Amino acid sequence: MMRYDPQKIETRWQEIWEREGLFKVNEDPSREKYYLLEMFPYPSGRIHMGHVRNYTIGDVVARYKRMRGKNVLHPMGWDAFGMPAENAALENNTHPAKWTYDNIAAMKTQLKRMGFSYDWDRELATCDPEYYRWEQLVFLKMYEKGLAYKKRTHVNWCEKCQSVLANEQVENGCCWRHTDQEVTVKEMDSWFLKITHYADDILEYSSKLPGWPERVLTMQKNWIGKSYGAIIRFPMVGSDEVIEVFTTRQDTVFGATFLCFAPEHPMVKEMVKGLSQEKDVLDFVERTLKMDSYMRAADFTVKEGVFTGRYCLNPVTEEKIPIFVANFVLFEYGTGAVMAVPTHDQRDFEFAKKYGLPLRVVIRPPDRELKEDTMTEAYVEEGILVNSGPFNGQRNTEAMDSIIEYLDSKGLGYRTVNYRIRDWGISRQRYWGAPIPIIYCDDCGVVPVPEKDLPVILPLALDMRPNGGSPLPFEPSFYETACPKCGKKARRETDTMDTFVESSWYFDRFACPGYDKGPLEPEKVDYWMPVDQYIGGIEHAILHLLYSRFYTRVLRDLGYLKVTEPFTNLLTQGMVCKETQECPDHGYLFPHEVEEGRCVQCGKKVIIGNTVKMSKSKRNVVDPQDLIDRYGADTVRMFCLFASPPEKDLEWNDQGVEGSYRFLNRLWRLVTGHLDRLAKVSAYDGNAVLGERERALHRKTHETIKRVTHDIEKRFHFNTGIAAVMELVNETTQFLNETTAQGKDTSWSVVREAVETAVILLSPVVPHIAEELWNLLGHDERLINVPWPTYSEDALKVESKLVVIQVNGKVRSRIQVPASYGDEQIKTEALADERVKKFIEGGAVKKVIVVKRKLVNIVV
C-alpha cells in the first residue's frame, strides 16, 4: 500500500493544473455563466486562517459549479493601496510599493499552495496605473455630472502624521499611532461622491435581493436611514437668520423648550463670536469632536452640552427658547440641529433636568393627566394633544399631517424626507493611493485633468516623510503643472482617493483586466456581470458593500454597465476564533510560548481565556503555512469546512485538524489498499442483479449523492455534506470487511461505484488527494471536468432494511428484513437468527424491544 504523502501529491498536481491552464476561462455564450468571487485581500504579507476559510468556501462552490456544467469565472487580485503599506514602510525603512509588491508575491505563492482554482491570468492590483487610470476617468465623468464635488468639512487631524484620521483611528483622544499626540479637529476642503443621489434606488432594491442575508440588508437600510417628517423653522432672536431643524415628531413642536446644535455645525462659531460664552463653547466643541460619532449618540453616554448665549423663537408658541450645543446631536443627521421636547423624549428629559431647563407637556395619556413637576421620565407613548393650540384634544398620531399643513400655511415649515446617510468623503491626505485627477489654477479655478493626460501617475521615486505624512504636497515634480485651460502655472490636487473607491468596482474589471480602451469591455462585462455569488465577512456589510452598490449604479448611468446590482447572492462567513492563553506577567502568549500549561519565560501557570477572533494582538493566531507543512493543504481545507457551517464562527480545534487528517488517510487506504481488485472491474452500471448487502451499499452511494448535492446547492452546508461522505467511506470499509472473501465482480463493481463517488464528491473540498486517487483508479480526465454525479431514484428505494440486534445491550448480530415488516415480524426474525440463538441459549427471554424498526434489544 502506498503511503499518503500530501506535500508531494499536492505540489505535483498544482504544477499539472497550472501547466494545463485548467482554470483559465473565456466567455462562451452557449454556456450558462457562473461568476464566483471572494472579497479580494489586502496584501499584508501572509495569509491568515480567515483568508483560508473564506477562499476555501469559494473554491468549493467554484469547482462544484464547474462540475455542474457552468462556465465559471473565479478570479483573484489585490486591494493594494492603503495606509498600512505606509506604516509598514516607515517601520521597516522601505517603500510602500516595494512592500506591497513583495507581499503580493508572497501571498500569491501561499494561495497557489492551497490549490485554489483561480484564473491567475485575470490577476489585478489596484495600485497599478493600468487599474486606477480608469478610476480617475470615472471620477472625471462623475465631476461632469455633479456626482463628485468639493466642500469644507470637519476632520480628525494628527499633526505628527500630517493627515486626516478616521474616527476608528482616534483612541482616547490621541492618534492610534502617536499615542502622545492629541488629535485636533480641523476644517478642510475635501472631495465627496454623491451617494445620496442614489439613496432611494439603493433602498428600493434592498427588497429585490433575496440572495442576501437579511441582517446585511437591515444594516444598510438603517445606515441609509430614510425618515419621513418635517423641516421646522426657528427664527433666531436678534438676527435675521432662521434655524431649520428636521423632526419626525412634529406633533410635539408646541412642547419644544430649547434647541440643540451639533458641535460641528457651521453656524456655531459665528453664533458665539464675541459673546462671553465663546471660549466655553469652542472648548466644548473641540473636546466633543474627539469622540467617535457612535459613542456620542449612544444611550449609555452621558449627555452634555453648553449654552451658547443665544436664543431662538419656538415658531408656534413664539416663546424665546435657549440654544445649546450638545454632544448627542450629530451634524450628519437631519440639519445638524434638533428641537428638544423634554417631556416626550427621554434624552431631552435627562438633558433638561441636568441643566434646569423648562418642561411642557403636550401629549397626555388617554386615561389621566400629566404634570411637569411630578414627571420622573419622559412620556413617549401615544396620547391626546394638550397645550397645542388648535390641535388640542386630537390624538397625536392623527394630527401629524394637519400640523405639517399648518406649519406650511404659515411659512414655518414643510413636509420632507430625510436620510441618515451622507455623501462619501473620499479625500485622503496620504501618499499610497490613487491621485485625484484635479488641477487648481488661480485664474480658472478647479480644472479636471484632460482624459488624454490620464493616468495621473503616483510617483514611486519618493522618500517617505519621517512623520508619516504624504510627500506629495512637498514634491514639486508632482504638484507643479500647467493649467489645461490657460496654460499658466497651476497645482495638482495632492489628496489621494479613499481605497474603498478601488474596491467598489474591481469585480467589474475582472471581466476584462487587460482592456485598454476604457474602464470596461462591454461584451465581456455584459456576459459575466453581475457576480452570481459573493463571499466575505459581515464587517463589510455597510461600507464596501454599500459603496459597491452605489458605484455600480454610477457605472450603469455612465453607460459602462447594464446591471444595477453587483452581487446576486451574498454569503457572509463567520470568523475563525480560538481561545487565548495569558500569562499574569507577560500577557497574551503564542502557542509556542506555552509548555504544559505554563509560560516558557517565567514558568507561571497560563490562564485560558475566552474564545475570540484570531488576531496578532491576542496572540491566538494559527499560521496556515505551519499546518500545510505538517498536514497538507487538503487537511486544512477540510477542517475549515467540516468544523462549522460557513455563516457561523469557526472555533479552532487542534483535534479537529488531526481528525480531518486521519479521515483522508482512511480514504487513501480504502482506495490504494484495494487497487488491484478495483482495477479489474468498472463501477456498477445498474445492470447486474445485486444481493441485499450490495443493494444497501449501492443505495448508500446514491443517498450520499443526493445529500451532498442538496447541502452544497441549497445551503452551502459543506460540513454535513462531508459528514455524509464519511458515512459512505465507513460503510464501504465495513462492506469490504464482510464480503471481500466472496470476491464477486458484482460486489467489487458496487465498491468501485462507492469509492469513485466518494472521490468525486470530495474533490471540490480536497482536490489534490481526490485527483491523485482518481488518477490511480485509471482515469485520465481531470476531476474538475468530470460531470457531477446524479442519483437514481430507483437506487434510493428501500426493498429491505438493516436491523441491528442487541442481547442485553451488546450488538450480537445484524439482519436484513423486508422494508414492509412491522415490529412483531421483526421480533420473530430476530429471535430466529442463528447468531442470536447462541447468546440466548440457556436463558429466559424477559423482554424484546423494537426501536423504530431499526434496532432490536433482547433482554435475557
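Two strands are taken as paired if DSSP finds at least two bridges between them. Helices (H or I, at least four residues) and strands (E, at least two) are DSSP runs numbered from the N terminus. The structure is a predicted model, in which local features need pLDDT of at least 70, side-chain atom pairs count only at pLDDT 80 or more, and totals for chains, interfaces and linings use all residues. Residues are numbered from 1 along each chain as its sequence is written, and side-chain values use heavy atoms, with hydrogens and water left out.

Four strands form an open sheet in the order 33-32-35-34, with mixed pairing. Strand 33 (810–818) and strand 34 (847–851) are the edge strands; each has a single partner strand, so one side of each is left without a neighbour in the sheet. On average, neighbouring strands of this sheet are turned by 20 degrees against each other, direction ignored; axes are lines fitted to C-alpha atoms, for helices over the stretch in contact, and angles run from 0 to 180 degrees between N-to-C directions. The pairings within the sheet are listed below.

| Strand pair | Sense | Bridges |
|---|---|---|
| strand 32 (residues 800–807) and strand 33 | antiparallel | eight |
| strand 32 and strand 35 | parallel | four |
| strand 34 and strand 35 | antiparallel | five |

Individual partners can be located in the model. Lys801 has Val817 in strand 33 as its bridge partner, Gln806 stands opposite Asn857 in strand 35, and Lys847 stands opposite Val859 in strand 35. The hairpin of strand 34 and strand 35 has three residues between the strands, and Lys852 takes a positive phi near 50 degrees there. Helix 27 (residues 823–832) lies across strand 32, strand 33, strand 34 and strand 35 (855–859), and runs at about 120 degrees to strand 34.

Another open sheet of four strands has the order 20-19-22-21, with antiparallel pairing. Its edges are strand 20 (445–448) and strand 21 (480–482), each with a single partner strand, so one side of each lacks a neighbour in the sheet. Here neighbouring strands are turned by 40 degrees against each other on average, direction ignored. Strand 21 is joined to strand 22 (residues 489–492) by three bridges in an antiparallel arrangement, and Thr481 has Ala490 as its bridge partner in strand 22.

Buried residues (under 20% relative accessible area, 1.4 Å probe, protein chains only; exposed is over 50%, partly exposed in between) of helix 4 include Trp99, Ile104, Met107 and Arg113. Among the elements in contact (heavy atoms within 4.5 Å) that cover the buried residues are helix 1 (6–20), helix 2 (49–67), helix 3 (83–92), helix 18 (624–631) and helix 19 (633–642). Gly115, with a positive phi near 80 degrees, follows helix 4.

**Helix 19 against helix 23**

The axes of helix 19 and helix 23 (residues 718–739) come within 7 Å and cross at roughly 115 degrees. Met638, Leu641 and Phe642 of helix 19 make the contact with Phe718, Asn719, Ile722, Ala723 and Met726 of helix 23.

**The chain as a whole**

The chain has 28 helices and 35 strands. Its C-alpha trace spans about 110 × 75 × 65 Å along the principal axes. Of its 860 residues, 53% count as buried.
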